[in-house]
Amino acid sequence: DLQVLSSGTKEFDLRNSKEDLRDQIRAAFKVPKVVLGDVEQVTLANAETSYQVFMRDVVDAALSKICRALTRSLASEWSSDIRITHDNVIPENETHFIGRLDQVKQSLTIDEQRALLALPPLPNKSGNVFLINGTLFDASWRPI
């Protein structure tokens, strides 16, 4: 003789509950699927876009907050002129980078560029050396 004690019992679906929990955690921290290695329903286009958005909106924003906090709390103890910054975490595409280099090339004279490197002016202002973000470039925009 069989008696039903409770009619509302549900079996736990552990697999779906783990996936739901993973998705909720990932959404809370704004981490895209591709960063955690989940490639289900991920294409190259949406993977690159979601990764760029993650790097810009989460990682770069967090680094900016940390830099501002360090500048406010630590750097001000030594000098008000010290400012802590971070490098951009999103790589710049080559076309945009070459465009920026062309702008800098037109805006600084050779002697001004050499002065940034603590070098003396060139005789007759001949020669090309460019300093971009601490990297020296020759006239053909190759790093020296």
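Q: What should I know about the model before we start?
A: It's a predicted model, where local features need pLDDT of at least 70, side-chain atom pairs count only at pLDDT 80 or more, and totals for chains, interfaces and linings use all residues. Residues are numbered from 1 along each chain as its sequence is written, and side-chain values use heavy atoms, with hydrogens and water left out.

Q: OK, how many helices and strands are in the protein chain?
A: There are 4 helices and 2 strands, counting DSSP runs numbered from the N terminus: helices are H or I with at least four residues, strands are E with at least two. Along the sequence the pattern reads α-α-α-α-β-β.

Q: And what percentage of the residues is buried?
A: 15% of the 144 residues in the protein chain. Buried means under 20% relative accessible area, exposed is over 50%, and partly exposed is in between, with a 1.4 Å probe and protein chains only.

Q: Now the charges. How many salt bridges does the structure hold?
A: It holds 3, where a salt bridge is a side-chain nitrogen of Lys or Arg within 4 Å of a carboxyl oxygen of Asp or Glu.

Q: Which residues are linked in a network?
A: Arg22, Asp23 and Arg26 are. Asp23 pairs with Arg22, with the closest N and O atoms 3.3 Å apart, and Asp23 also meets Arg26 at 3.1 Å, N to O. Arg26 and Asp23 both sit in helix α1 (residues 14-28), 3 residues apart, about one turn of the helix.

Q: Is Arg26 buried or exposed?
A: Arg26 is buried, with a relative accessible area of 11%. Asp23 counts as partly exposed because its relative accessibility is 31%, and Arg22 is partly exposed too, at 38%.

Q: Which residue does Asp57 bridge to?
A: To Arg56, at 2.8 Å, N to O. Asp57 is partly exposed at 40%, and Arg56 is partly exposed at 45%.

Q: What about Asp60, buried or exposed?
A: Asp60 lies in helix α2 and is buried, yet it has no salt bridge. The nearest side chain of opposite charge is Arg56, 7.7 Å away; Lys and Arg count as positive, Asp and Glu as negative, and His and the chain ends aren't counted.

Q: So which side chain does Asp60 make a polar contact with?
A: The side chain of His86, at 2.7 Å. A polar contact is a pair of N or O atoms within 3.5 Å; within protein, one must be able to donate a hydrogen and the other to accept it, and residues adjacent in sequence count only if both atoms are side-chain atoms.
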